[in-house]
Amino acid sequence: MIDEIRELLEVPDPALAERVASSERPWHGRIYDVETDDVICPDGSHGYREIARHHGGAGVAAVKDGKICLVRQWRVSAGRMTLEIPAGRLDEGETPDVCAARELTEETGYVADRVELVAHSMGAIGFTDECTHVYRAIGLRKSEAHPDEGEFVGIVWLPVDDVVEAIHTGLIRDSKTIVAAFDAALRAAD
């Protein structure tokens, strides 16, 4: 079945594909750029697309004794407190696995012996190419947290089952955290 899914994603379908006729990048930022595209739709009509071109990020699930480590923080974009796995943007030239391990230590004070890729999460594919590489931490040991300047987070360890329930009830909405929590729940069920 995986081959059929791969084919659905890799083989172009002219009845569905849009072509970019022209593209501009009116804004460049530290975290993302804005691109505006004039596209030619499959029926020959033109469409307008605004795309946030994200510079990449990674997050990591630290799980021990049936609990997952989440950071609690205020997100201005959401206008609310959130619970999320430790995560952040890739530094220039940094690989996603190094970023995930770095963010774990910076935000929580935990160090992983290694991190293992779980999935790639694209949280809002309709207008951004942002991809968060989601990892799980293997072999945790405590160290010292050192959040970035201006980063204020609290650390909580919550039972994985409670986090999954919080996702189902809409309390936790962050896509990378949803991916990580479901992966942790599946691994616990094995």
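In which helix does Ala-180 lie? Ala-180 belongs to helix α4 of this predicted model. With a relative accessibility of 1%, Ala-180 counts as buried, since the cut-off for burial is under 20% relative accessible area. When neighbours within four places in sequence are set aside, Ala-180 is in contact with Ala-61, Ile-85 and Val-134. The C-alpha atoms of Ala-180 and Ile-85 lie 7.6 Å apart, although the two residues are separated by 95 positions in sequence.

**Overall layout**

The protein chain has 4 helices and 11 strands. Along the principal axes, its C-alpha atoms fill a box of roughly 55 × 45 × 35 Å. The chain comprises 190 residues, of which 36% are buried. Among contacts in the chain with a separation of 6 or more, 55% join residues 24 or more positions apart.

**Packing of α3 and α4**

Two packed helices are described by the angle between their axes and the distance between the axes. Helix α3 spans residues 160-168 and helix α4 spans residues 175-189; the angle between them is about 135°, and their axes are 9 Å apart. The two helices are therefore oblique to each other, because an angle would have to be over 145 degrees to count as roughly antiparallel. The crossing of α3 and α4 is left-handed.

On the α3 side, the contact is formed by Val-160, Val-163, Val-164, Ile-167 and His-168. These residues meet Thr-177, Ile-178, Ala-181, Phe-182, Ala-184 and Ala-185 of α4. Sorted by class, the contact has 9 nonpolar and 2 polar residues, and no charged ones.

**Cysteines**

A disulfide is a covalent bond between the sulfur atoms of two cysteines. How many disulfides does the structure hold? The number is 0. For Cys-69, the closest cysteine sulfur is that of Cys-99, and at 16 Å it is too far away for a bond; the cut-off for a disulfide is 2.5 Å. Cys-69 is buried, because its relative accessibility is 0%. Cys-41 also counts as buried, with a relative accessibility of 15%.

**Exposed residues in loops and a strand**

| Residue | Location | Relative accessibility |
|---|---|---|
| Tyr-48 | strand β3 (residues 46-54) | 52% |
| Asp-65 | loop between β5 (63-64) and β6 | 77% |
| Ser-77 | loop between β6 (67-75) and β7 (80-84) | 76% |

Why does Tyr-48 count as exposed? Its relative accessible area is 52%, and the class begins over 50%. Not counting residues up to four places away in sequence, Tyr-48 touches Thr-36 and Asp-37.

Most residues other than glycine have a negative phi. Asp-65 is not a glycine, yet its phi is positive, at about 50°. This residue sits in the loop between β5 and β6, where it is exposed.

Ser-77 and Arg-53 are 24 residues apart along the chain, and their C-alpha atoms are separated by 17 Å.

Notes
Residues are numbered from 1 along each chain as its sequence is written. This is a predicted model: local features need pLDDT of at least 70, side-chain atom pairs count only at pLDDT 80 or more; totals for chains, interfaces and linings use all residues. Side-chain values use heavy atoms; hydrogens and water are left out. Axes are lines fitted to C-alpha atoms, for helices over the stretch in contact, and angles run from 0 to 180 degrees between N-to-C directions. Angles under 35 degrees count as roughly parallel, over 145 as roughly antiparallel, 65 to 115 as roughly perpendicular and the rest as oblique. A crossing is left-handed if the near helix is turned anticlockwise from the far one by less than a right angle, and right-handed if clockwise. Contact means heavy atoms within 4.5 Å. Ala, Val, Leu, Ile, Met, Phe, Trp, Tyr, Cys and Pro count as nonpolar, Asp, Glu, Lys and Arg as charged, and the others, Gly among them, as polar. Buried means under 20% relative accessible area, exposed over 50%, partly exposed in between (1.4 Å probe, protein chains only).
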